[in-house]
Amino acid sequence: MSDFLKIQGLQARIDADGTPKDILKGLDLEVPKGEVHAIMGPNGSGKSTLSYVLAGRDDYEVTGGSVTFKGQDLLALEPEERTALGLFLAFQSPVELPGVNNANFLRTAVNAVRRARGEAELDAVAFLKAVRAETKHLSMSDDMLKRAVNVGFSGGEKKRNEVLQMRLLQPSFAILDETDSGLDIDALRIVAEGVNSLRSPDFSALVITHHQRLLDYIVPDRVHVMAHGRIIHSGGPDIAKTLEKQGYTQFLEAAA
Amino acid sequence: MPAVTETRETVEKLAKSSYEWGFETDIEMDIAPKGLNEETVRLISERKGEPQWMLDWRLKAFRAWLEMEEPTWAHIHHPPIDYQDAHYFAQPKKKPGPRSLDEVDPELLKTYAKLGIPLHEQALLAGVEGAEERLPVAVDAVFDSVSVATTFRKTLAEAGVIFCPISDAIREHPELVQKYLGTVVPVADNFFAALNSAVFTDGSFVYIPEGVRCPMELSTYFRINARNTGQFERTLIIAEDRATVSYLEGCTAPQRDENQLHAAVVELVAMEDASIKYSTVQNWYPGDDEGRGGIYNFVTKRGICRGARSKISWTQVETGSAITWKYPSCVLAGEGSVGEFYSVAVTNNHQQADTGTKMIHLAPNTRSTIIAKTISAGHSDSTYRGLVRMQPKARNARNFTQCDSLLIGDQCGAHTVPYIESRNMTARVEHEATTSKISEDQLFYCRSRGLSEEDAVGLIVNGFCREVLKELPMEFAVEAQKLLQISLEGSVG
Ligand SMILES: Nc1ncnc2c1ncn2[C@@H]1O[C@H](COP(=O)(O)OP(=O)(O)O)[C@@H](O)[C@H]1O
Ligand SMILES: [Mg+2]
């Protein structure tokens with residue numbers, strides 16, 4: 001098996017009101033095919049930045065390192081090309097699109113991706129069937145399809161809408177950026193089930209979270225601890241429990 | 001849309017001397033000498049076979065025009081227009097055009113293709129010579145304009161609806177034309193309206209008799225008359241008591257014209273419980289990237305709700321022209337009558353638009369709604385100018401105005417200029433305005449879902465315009481959406 005997702009020495013910065021600010025400072029990470037990995041780390045350690053850089057947001061400047069995905073130089077691709085290749089990012093803060101009907105948005109996205117992957121586009125009927133099956137699975141109301149994308153959605157509805165998009169776009173590698181934050185326990189179960197039912201030898205995921213709780217439902221193959229723009233420790237699912245009890249201090253000290 | 005060199009040259013040539021083009025190919029042409037004087041007006045009237053009253057009417061307009069000056073209050077700039085340096089009447093026996101699609105500006109063809117217009121229709125739109133005769137037999141059903149027009153006329157005649165060129169109406173229905181022409185937009189209303197009144201040569205006349213719901217949408221859509229767009233169009237629509245009509249003007253495909261100055265007048269009259277819906281998609285040539293050679297579009301559109309509970313609704317999608325000067329208005333004279341204005345104006349490159357509406361409330365319980373969406377990109381400049389006037393008798397009249405501007409890039413401008421005049425204490429006027437930008441967040445979110453940057457902009461812009469687009473008749477709405485996206489191509493990134 002060749003490298004699936006391989007990040008080496010990744011450095012990235014952002015222009016913070018005129019002064020460059022380094023956020024990722026030489027990050028190494030590998031996620032093999034078919035595995036689910038978790039990243040935990042204190043606020044501000046650069047977790048969302050990592051997810052944005054992987055998805056291709058261009059206000060982050062990559063100043064060093066490399067990322068290969070399915071043997072391709074991921075950083076050379078446009079965001080939509082990365083999505084076509086199988087990457088998906090569930091946003092920590094999903095963006096509102098006023099006036100854009102959610103169902104129409106989903107269908108446009110699904111068909112854009114299908115076209116790029118050389119698959120036949122879905123007509124209105126086939127699409128609706130596909131989307132209905134998923135919304136039922138995620139206990140989402142039809143009403144959410146009729147509203148404008150994320151406009152007036154509650155925190156939980158937004159997260160579910162992200163998972164809905166993930167399932168419709170059929171990625172081979174999904175990044176979930178704090179998809180669990182702001183969810184009650186029932187919603188958390190539904191979201192976790194939405195991810196778990198995709199688990200297969202052909203699906204990998206990187207689950208970014210603050211809470212051990214999510215990892216009780218989505219049990220990761222490996223857990224990475226991130227701080228100051230680097231992965232400072234990696235291990236089995238047990239690390240999550242240690243973190244929950246003792247906090248990040250011991251890892252931070254060990255890395256210092 | 002970037003124009004290729006060929007277009008630029010063609011347009012420059014056309015702009016310099018409009019009709020040289022015609023003489024070059026030795027086409028027989030019925031043409032008035034350059035310049036505008038009483039003789040020109042007389043000649044137009046004579047060539048059109050008009051009755052004396054019509055000529056008198058034109059002359060009155062012409063004399064008024066001589067006393068008037070071009071308005072300067074709008075937020076637009078252009079080199080002075082030399083009104084004497086143009087032909088006011090020219091009827092080519094046959095329009096010279098490109099001989100095949102190969103000779104047509106490829107950019108234009110690309111746009112047609114994006115709009116999903118079939119090849120034979122593209123040829124027709126681009127004015128390829130003989131395209132009409134060479135239409136393949138198989139497409140007769142779709143595009144045989146003669147047969148479409150025939151079925152069309154028959155259905156309308158059965159309903160008692162009159163829908164014909166205004167020149168025909170002047171000859172065939174003089175009593176109706178004489179009764180209503182110039183009653184909504186008087187001959188001396190403004191500089192461009194006076195000019196139009198003196199020299200108009202084309203346009204439509206619509207009459208819907210009492211109690212009749214017009215059985216189909218009436219349209220100047222290119223599928224029915226591709227080539228009859230004139231420089232000085234005059235349209236008059238009358239809906240008698242309880243009559244209903246929906247009228248579509250324009251074309252989503254980009255339209256070229258040798259004439260740089262366009263000054264149309266549209267008059268609508270709605271009697272008791274009547275309803276007129278007037279929808280426009282305007283996509284005149286906007287000029288090259290620098291705005292050279294584009295059309296100047298100075299339009300006067302006004303409707304009067306004469307009868308109680310009558311309704312006039314204007315919906316417009318304005319994407320073309322180098323300069324647009326246009327304020328479709330409603331005079332609410334009937335008690336409880338309703339005026340509506342829904343507008344999307346898009347400007348890109350160096351386009352300028354000064355557009356908006358006037359709602360004049362004369363009677364009690366009248367209501368008006370204004371939804372204006374302005375999108376500016378490139379170096380363009382767009383102004384919304386709206387007047388809401390509540391006259392002393394407009395007891396309990398209501399207006400709601402919402403103006404939203406969307407900026408793409410940081411070189412463009414958007415201005416909102418609301419004028420509110422209220423002379424009745426019980427009248428209520430509400431005004432809301434917003435200005436926003438397409439955010440990087442929104443673009444990135446869409447692209448991370450697989451959309452190209454252009455599709456993402458199209459989607460966001462269409463979302464921004466949703467409240468207006470939903471007012472358009474179905475087939476127009478679909479094309480208008482595509483058109484918005486095409487108009488903004490190359491405006492981001
Ligand atoms: N657009 C931005 N402008 C300035 N600073 C930013 C921006 N985005 C992120 N940062 C900073 O980068 C650091 C990492 O942020 P982020 O990746 O969101 O961390 P996490 O997701 O781990 O909480 C933080 O200090 C944050 O303030
Ligand atoms: Mg974060």
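The model is predicted.

Start at ligand 1. Its shell holds 13 residues. The closest are A:Gly44, A:Gly46, A:Lys47, A:Ser48 and A:Thr49.

Where does the shell come from in chain A? Strand S1 (5-16), strand S2 (19-31) and helix H1 (47-55) each supply at least two of its residues. The largest share comes from H1(A), with three residues.

Now look at single atoms. A backbone N or O atom of A:Lys47 sits 2.9 Å from an oxygen atom of ligand 1. A polar backbone atom of A:Ser48 is also 2.9 Å from an oxygen atom of the ligand. For A:Ser45, a backbone N or O atom lies 3.3 Å from a ligand oxygen. How much of ligand 1 does the protein cover? On its own, the ligand has 560 Å² of accessible area, and the protein covers 65% of that.

Move on to the cores. Nonpolar side chains tend to be buried together in soluble globular proteins. Here, the largest nonpolar core has 103 residues. Those with the most contacts inside this core are A:Ile7, A:Leu27, A:Leu50, A:Phe173, B:Ile375 and B:Val461.

Take A:Phe173 as an example. Leaving out residues up to four places away in sequence, A:Phe173 touches several others, including A:Phe4, A:Val31, A:Phe69, A:Phe88 and A:Leu206.

Technical notes
Residues numbered from 1 in each chain as written. Chains lettered and ligands numbered in written order. Predicted model: local features only at pLDDT ≥ 70, side-chain atom pairs only at ≥ 80, totals over all residues. Heavy atoms only, no water. Near = heavy atom within 4 Å. Polar contact = N/O pair within 3.5 Å; in protein donor to acceptor, adjacent residues only side chain to side chain. Areas by Shrake-Rupley, 256 points an atom, 1.4 Å probe, with all protein chains shown as cover. Helix = DSSP H or I, 4+ residues; strand = E, 2+ residues; numbered from the N terminus. Core = buried A, V, L, I, M, F, W, Y, C linked by side-chain atoms within 4.5 Å. Buried < 20%, exposed > 50% of the residue type's maximum accessible area, 1.4 Å probe, protein only. Contact = heavy atoms within 4.5 Å.
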